[in-house]
Amino acid sequence: MSQQCKVAIVGYGGMGGHHADHLLELEAFDVAGIRDIRDSQQDLARNKGLHVYPSLEDVLGDETVDVVLIATPNHIHKEIAVKAMRAGKDVICEKPATMNSREMEEMIEVEKETGRLFVVNQNRRWDEDYLVVKKLHDEQAIGEIFNVECRVHGSRGIPGDWRQQKEFGGGMLLDWGVHLVDRVLLMFNEKVSHVYCKLNHVRNNEVDDGFKMTLTFESGRTAFLEVGTYNYINLPLWYVNGTQGSAVIHDWSMKGEVVHLETDEQKDAVPITAGAGLTKTMAPRRDDGTVRHLPLPRVDSHINEFYFNVKESIEGTADILVGNEEVLQVMRLLEAAFESDASGQVIAIENKVGV
């Protein structure tokens with residue numbers, strides 16, 4: 001590879017344009033051009049001074065291109081990635097990498113066959129809200145975390161494009177679920193024993209426009225993951241419970257707090273009026289020093305780390321951060337989630353190969 005990594009982007013929609021704008025700011029990368037079947041997107045690229053390839057074959061035939069970045073609808077990721085690797089190109093692919101785990105297994109085999117790099121852009125691993133929760137977990141800042149809840153809420157429905165159609169790999173489980181599952185697996189680093197999932201079809205019968213999923217891990221701790229596209233009042237982005245406290249992150253602006261249990265000394269609660277009765281169990285803690293309110297920790301992070309890691313991995317100076325076996329595990333768990341919704345049952349994972 002030359003000093004710069006030359007990237008050709010296939011699919012110049014929202015994410016393709018985002019990648020292009022970002023890579024143009026990094027001296028280590030050069031955008032060789034884009035390929036998109038839509039005239040409107042070709043014109044947009046030309047107006048930004050980008051080269052437009054007439055066809056995918058022209059992209060793959062350009063010997064100066066080091067990496068093909070795929071940002072097309074999900075159903076053609078595999079076809080383009082296989083062609084690119086067999087043409088001698090390394091590949092960055094938008095998520096979900098494939099429509100199912102079988103396709104992912106086939107792409108991993110092509111990666112081994114060709115000796116090229118195939119990596120999936122699990123960019124939400126670099127979100128600060130997630131990294132703060134992971135920091136609380138890793139440092140046991142609120143004790144051992146036994147349950148996390150992560151919700152992503154919006155009110156505009158599914159975007160009015162291919163994401164509304166099943167044949168293109170649409171729906172929120174494949175769009176956002178792939179991120180939420182990936183992150184909690186990376187954080188807990190243990191096997192999932194059971195999956196339960198309910199898909200929402202508020203205004204779309206073909207694909208899910210939201211979901212509620214519970215993952216139960218072998219240790220017994222749980223993760224509740226939710227995506228909604230018709231929520232006009234958003235619940236917190238994260239709610240985390242540990243043996244020594246709780247944490248909440250309200251939104252991506254990082255509003256929230258940590259409440260830490262300072263002492264286990266038992267002090268009798270003062271009953272409060274709750275609705276039509278009294279309760280001691282749910283009475284709030286008095287100002288007795290047993291808990292302390294703290295600001296959220298902060299974590300410096302940037303998606304540049306992903307791009308630079310890809311370049312360094314191609315050059316042989318670093319191991320890839322987003323492993324394909326990790327991505328494959330996510331795809332298998334999403335399949336279990338679809339199975340759970342279809343059957344209405346909790347799906348046991350113990351006997352599922354590779355999960």
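Axes are lines fitted to C-alpha atoms, for helices over the stretch in contact, and the angle between two of them runs from 0 to 180 degrees between N-to-C directions. The views below show a predicted model.

**Figure 1. Packing of helix α6 against helix α7.** Helix α6 comprises residues 128–138 and helix α7 residues 172–188. Their axes lie 10 Å apart and form an angle of about 25°. Angles under 35 degrees count as roughly parallel, and α6 and α7 are therefore roughly parallel to each other. Their crossing is right-handed. On the α6 side, the contact is made by Asp129, Tyr130, Val133, Lys134 and His137; α7 contributes Arg183, Leu186, Met187 and Phe188. By class, this contact of α6 with α7 has 5 nonpolar, 1 polar and 3 charged residues.

Figure 2. Val178 is a residue of helix α7. Its relative accessibility is 1%, so Val178 counts as buried, the limit being under 20%. Leaving out residues up to four places away in sequence, Val178 touches Lys95, Pro96, Gln122, Leu173, Val330 and Leu334. One of these, Gln122, is 56 residues from Val178 along the chain, and the C-alpha atoms of the two are separated by 8.5 Å.

**Figure 3. Packing of helix α4 against helix α5.** Two packed helices are described by the angle between their axes and the distance between the axes. For helix α4 (residues 77–86) and helix α5 (residues 101–114), the angle is about 5° and the axes are 10 Å apart. That makes α4 roughly parallel to α5. In α4, the residues in contact are His77, Lys78, Ala81, Val82, Met85 and Arg86. They meet Glu103, Glu106, Met107, Val110, Glu111, Glu113 and Thr114 of α5. The residues of this contact of α4 with α5 divide into 5 nonpolar, 2 polar and 6 charged.

**Figure 4. Phe306 and the nonpolar cores.** In soluble globular proteins, nonpolar side chains tend to be buried together. The largest nonpolar core in this model has 52 residues. Within this core, Phe118 and Phe306 are the residues with the most contacts. When neighbours within four places in sequence are set aside, Phe306 is in contact with Ile92, Val119, Val120, Asn121, Trp126 and Val322. Apart from this core lies another, of 51 residues, which includes Val184, Leu237, Val240 and Ala247.

Technical notes:
Residues numbered from 1 in each chain as written. Predicted model: local features only at pLDDT ≥ 70, side-chain atom pairs only at ≥ 80, totals over all residues. Heavy atoms only, no water. Core = buried A, V, L, I, M, F, W, Y, C linked by side-chain atoms within 4.5 Å. Buried < 20%, exposed > 50% of the residue type's maximum accessible area, 1.4 Å probe, protein only. Contact = heavy atoms within 4.5 Å. Helix = DSSP H or I, 4+ residues; strand = E, 2+ residues; numbered from the N terminus. Parallel < 35°, antiparallel > 145°, perpendicular 65-115°, else oblique. Left-handed = near helix turned anticlockwise from the far one by under 90°. Nonpolar A, V, L, I, M, F, W, Y, C, P; charged D, E, K, R; others polar.
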